[in-house]
Amino acid sequence: MKKTTLISAILLISASVFIISCGKDKPVTSESNEVLTTSDGQVYVVDTLNSKAEWKGFKVVKSDNTSHIGHLKFESGEVTVKDNKLESGQFVIDMNSITNEDLKEAESNGKLLGHLKSADFFDTAKFPTASYEITKVSEGLAGSDYNTVLDGNLTLKGITKPFTFNANVKVANGELTIATEPKDIDRDEFGIKFQMPTAEGLIKNEISVQMKVKAIEKK
């Protein structure tokens, strides 16, 4: 009797974990920075036609001959500017907009994009968007090529992790631009664990990402 009760309890717990993990709109896990920014200031709206997130993936031998490159479009986004400086920002990326730019043959390109959208990688049917929320804006280090450090929370495939970009931020004439330094994301931390057979070449865990954002002052 006790054995039956124990088995039932284990099954009940397992079912509960499964239900929570399969929630479509809820992060599987969250490990985030505290938000230290405010919404004070002038709102700027992301120009989605002229903004993008560029990506680059590699096999174990990291070279241009073993890499794929492409970009993703922004679905939406807003930033605030206070005293002519970036104060805060939130961006939503359309994961179904992913493109590949190195495979010129249509069939090969289509197969790669289909695989990237599948559950092996980004599972865009279940997680159609990714997001980045700026939690802190700091001046770049003296002598750095970047004038700003952006601390934030990156949500990808339902998992939120702290993520920092070095960036160049410019505000002038009602327009704000953000160009981040290319930065590696460890896809394993976001539940993207697919690997090809060893004979075909292992895929590196790191995906290089660079954001290029243009935002226009909201009238």
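**Buried rings and a cavity**

Trainee: Phe74 first: buried or exposed?

Mentor: Phe74 counts as buried, at 3% relative accessibility; buried means under 20% relative accessible area, exposed over 50% and partly exposed in between, with a 1.4 Å probe and protein chains only. This is a predicted model, where local features need pLDDT of at least 70, side-chain atom pairs count only at pLDDT 80 or more, and totals for chains, interfaces and linings use all residues. Residues are numbered from 1 along each chain as its sequence is written, and side-chain values use heavy atoms, leaving out hydrogens and water.

Trainee: How many aromatic pairs are there?

Mentor: The whole structure has three; rings of Phe, Tyr and Trp (its six-membered ring) pair if their centres lie within 6.5 Å, with planes under 30 degrees apart stacked, over 60 edge-to-face and the rest tilted. Phe74 and Phe91 are edge-to-face, 6.0 Å centre to centre with 75° between the planes.

Trainee: Why does that pair tie together parts apart in sequence?

Mentor: Phe74 lies in strand β4 and Phe91 in strand β5, so the pair links parts 17 residues apart in sequence. Strands are DSSP runs (E, at least two residues), numbered from the N terminus.

Trainee: And what about Phe163 and Phe165?

Mentor: Their centres are 5.0 Å apart and their planes at 70°, so that pair is edge-to-face.

Trainee: New topic: which residues lie nearest the centre of the largest cavity?

Mentor: Leu72, Ile93, Leu156, Ile185 and Val209, out of 17 lining residues. On a 1 Å grid over the protein atoms alone, a cavity is where a 1.4 Å probe fits but cannot get out, and lining residues have an atom within 4 Å of a point.

Key: On a 1 Å grid over the protein atoms alone, a cavity is a set of points where a 1.4 Å probe fits but cannot get out, and a pocket is an open set with protein on both sides within 12 Å along at least five of seven lines; lining residues have an atom within 4 Å of a point. Helices (H or I, at least four residues) and strands (E, at least two) are DSSP runs, numbered from the N terminus.
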